[in-house]
Amino acid sequence: MINITNLKKKIIYRSNYRGTKEMDKLLGSFTKKYINILKEEELQNLSNLLDCDDENLYKYNQGRETTIKIDTNHVTDLFKNYVYVCE
């Protein structure tokens, strides 16, 4: 069985320390908004999404063509439609 608390901590860390400030903010704010309402399977989908590189994640979020296949699920749909607003 997956430890949900540890999975959430891992996801939060991975979403906030990406390598570029832009992706730190985009993924960090996305994760902050959704992490506590996602179910276990959706958290795993988010963890899998974070395995993708920043360039393709940014393109995916912007509705542009990516060089990799990103699985379509509830979490990726949320991310694709997510608009970052400066806090």
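Serine 47 counts as buried, at 6% relative accessibility (buried means under 20% relative accessible area, exposed over 50%, and partly exposed in between, with a 1.4 Å probe and protein chains only). This serine is found in helix H3 of the predicted model; helices are DSSP runs of H or I with at least four residues, and strands are runs of E with at least two, numbered from the N terminus. Leaving aside neighbours within four places in sequence, serine 47 is in contact with Leu7, Ile11 and Arg14, where contact means heavy atoms within 4.5 Å. The C-alpha atoms of serine 47 and lysine 21 are separated by 19 Å, and the two residues lie 26 residues apart along the chain.

Asparagine 45 also has its place in helix H3. Its relative accessible area is 18%, so asparagine 45 is buried. Not counting residues up to four places away in sequence, asparagine 45 touches Asn73 and Val75.

## Basis and confidence of the model

Residues are numbered from 1 along each chain as its sequence is written, and side-chain values use heavy atoms, with hydrogens and water left out. Because this is a predicted model, local features need pLDDT of at least 70 and side-chain atom pairs count only at pLDDT 80 or more, whereas totals for chains, interfaces and linings use all residues.

The mean pLDDT of the chain is 95, and 98% of its residues reach 70 or more; pLDDT is the predictor's confidence in each residue, from 0 to 100.

## Packing of helices H1 and H2

Two packed helices are described by the distance between their axes and by the angle between them. For helix H1 (residues 4-16) and helix H2 (residues 21-34), the axes come within 7 Å and cross at roughly 150°. The axes are lines fitted to C-alpha atoms, for helices over the stretch in contact, and angles run from 0 to 180 degrees between N-to-C directions. H1 is therefore roughly antiparallel to H2 (angles under 35 degrees count as roughly parallel, over 145 as roughly antiparallel, 65 to 115 as roughly perpendicular and the rest as oblique).

On the H1 side, Ile11, Ile12, Ser15 and Asn16 meet Met23, Asp24, Leu27, Gly28 and Thr31 in H2. By class, this contact has 4 nonpolar, 4 polar and 1 charged residues. Ala, Val, Leu, Ile, Met, Phe, Trp, Tyr, Cys and Pro count as nonpolar, Asp, Glu, Lys and Arg as charged, and the others, Gly among them, as polar.

## Salt bridges

A search of the whole structure finds 3 salt bridges, each defined as a side-chain nitrogen of Lys or Arg within 4 Å of a carboxyl oxygen of Asp or Glu. Arginine 14 forms one with aspartate 51, and the closest N and O atoms are 2.5 Å apart. This pair links distant parts of the chain, 37 residues apart: arginine 14 is in helix H1, and aspartate 51 is in the loop between helix H3 (40-49) and helix H4 (54-61). Arginine 14 is buried at 18% relative accessibility, whereas aspartate 51 is exposed at 56%.

The side chains of arginine 18 and aspartate 54 meet in a salt bridge at 2.8 Å, N to O. Arginine 18 lies in the loop between H1 and H2 and aspartate 54 in helix H4, so the pair ties together parts that are 36 residues apart in sequence. Arginine 18 is buried, at 17%, and aspartate 54 is buried, at 16%. Lysine 59 and glutamate 55 meet in a salt bridge at 3.3 Å, N to O; being 4 residues apart in helix H4, they are separated by about one helical turn. Lysine 59 counts as buried at 16% relative accessibility, and glutamate 55 as exposed at 52%.
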